[in-house]
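Please read it alongside the sequence and the coordinates.

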Amino acid sequence: PPLEDLWDANDFQIAAKNVLKPKYYASYRTGALNEYTYQANLGIYSKVRLNGFSFRDVSNPQTSVSILGHNFTQPFFIAPAANAGHANKSAEASLARAAGRAGILYVPSISSTLSIEQIAAAGFENQTMFHQEYIWSNTSQVSDELARMEAAGFKAIFLTVDNSGINGVRVRSMRYTDESDTGHSTSFSLSALAGFRNLTTLPVVPKGIKTWQDALTCLELGFPAIYVSNHGGRVVDGAPTAVEVLMDIRKNAPQVFERMEVYADGGVRTGADALILLALGARAVGLGRPAMFANIWGDAGVDKLISLFAAELQTTMQLMGVQNVNQLNTSYVNTGNIVPL
Ligand code: FNR
């Protein structure tokens with residue numbers, strides 16, 4: 001389908017299914033096991049109500065945010081996702097360029113099609129990118145990759161901590177190929193975490209936080225930020241959604257929001273979904289599959305996804321009486337339909 005016919009992230013996914021080889025569509029689309037968490041990620045936003053206030057001047061909407069001290073035009077970013085090359089030959093380069101043109105953050109995966117250096121080179125001169133990493137069982141691989149990320153100009157590391165032992169069981173994808181990945185360290189521990197931090201001077205952000213206890217541990221260990229995520233439902237089937245985890249942290253460890261930056265993702269498909277996570281305390285929100293699917297149309301596809309999403313976010317914000325995304329707080333959401341964890 002031509003790009004002109006695609007009007008939101010869901011359109012991109014439907015079109016992607018018709019265009020991609022089935023095994024590649026499955027590898028992007030799959031969740032773990034029954035895909036309950038995959039479905040819950042999408043469905044949770046329908047249970048939250050956004051409150052709107054009418055008597056406000058919203059003529060000059062502001063969407064920019066700072067993330068670890070770097071300024072971006074939008075409070076959403078492109079989350080790390082492996083193998084962008086399944087969508088097209090330019091792979092992560094299209095994602096980097098589109099993010100750069102829009103002034104948003106892109107965080108490439110360490111399991112990318114292109115190398116660390118190729119992705120850095122695809123970006124624009126003054127573009128800020130972060131990079132994702134895992135704790136591999138091979139420690140020298142980790143230190144080598146971190147050194148390359150630093151040298152290539154990446155400004156922070158998202159350390160994924162939710163599938164350190166082994167990948168989730170992704171049945172939809174296993175039908176085509178064995179997705180199992182045995183390179184991850186199965187001995188992830190607090191000392192492994194400390195060891196990882198010592199290998200880089202860049203700020204490290206644990207990605208995949210799903211409990212208030214782990215959020216508090218990260219605060220106590222002095223991390224500048226955490227990233228609430230269940231890996232798009234691809235790891236533990238049954239894991240809670242970002243909405244539930246943010247609510248749980250707010251209830252049991254509210255100081256986390258005062259003293260660290262919090263990012264979140266999972267099932268965000270519209271600007272309104274993103275506003276829900278922002279109102280619950282996220283500073284920025286990640287898009288996983290939508291960017292991978294948009295990338296089938298290359299640079300132009302990712303540009304269009306970002307601009308559609310930005311327009312949805314801005315329009316919804318204005319309709320809610322919100323002038324600046326930084327204003328969002330829990331007074332803008334009603335989560336009464338959700339049973340607390
Ligand atoms: C991912 N995700 C992911 N996360 C990570 O830290 N490193 C990785 O290499 C990958 N790879 C990956 C591949 C694919 C195909 C997907 C869909 C996801 C998880 C990703 O960063 C993010 O947490 C989720 O994708 C967010 O959920 P949505 O937006 O896809 O619903």
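In this predicted model, the residues of the shell around the ligand comprise 8 nonpolar, 12 polar and 4 charged ones.

**Ligand shell**
- The ligand is surrounded by 24 residues, of which A81, S109, T160, G232 and G288 are the closest.
- At least two residues of this shell come from β10 (284-287), and at least two come from α13 (289-294).

**Packing of α12 and α14**
- Helix α12, which spans residues 271-279, and helix α14, which spans residues 298-319, have axes that come within 7 Å and cross at roughly 60 degrees.
- Because of that angle, α12 counts as oblique to α14, and the crossing in which α12 passes α14 is right-handed.
- On the α12 side the contact is formed by G271, A272, A274 and L275, while α14 contributes F309, E312, L313, T316 and M317.
- Sorted by class, the contact of α12 with α14 consists of 6 nonpolar, 2 polar and 1 charged residues.

**Burial and the end of α12**
- Since 8 of the 9 residues of α12 are buried, this helix is largely enclosed by the rest of the structure.
- The buried residues of α12 are G271, D273, A274, L275, I276, L277, L278 and A279, and G271, A274 and L275 also take part in the contact with α14.
- Just after α12, the backbone at G281 adopts a positive phi of about 120 degrees.

Note on methods
Residues numbered from 1 in each chain as written. Predicted model: local features only at pLDDT ≥ 70, side-chain atom pairs only at ≥ 80, totals over all residues. Near = placed C-beta within 6 Å. Helix = DSSP H or I, 4+ residues; strand = E, 2+ residues; numbered from the N terminus. Nonpolar A, V, L, I, M, F, W, Y, C, P; charged D, E, K, R; others polar. Axes fitted to C-alpha atoms, helices over the stretch in contact; angles between N-to-C directions. Parallel < 35°, antiparallel > 145°, perpendicular 65-115°, else oblique. Left-handed = near helix turned anticlockwise from the far one by under 90°. Contact = placed C-beta atoms within 7 Å. Buried ≥ 20, exposed ≤ 12 C-beta atoms within 10 Å, placed from the backbone.
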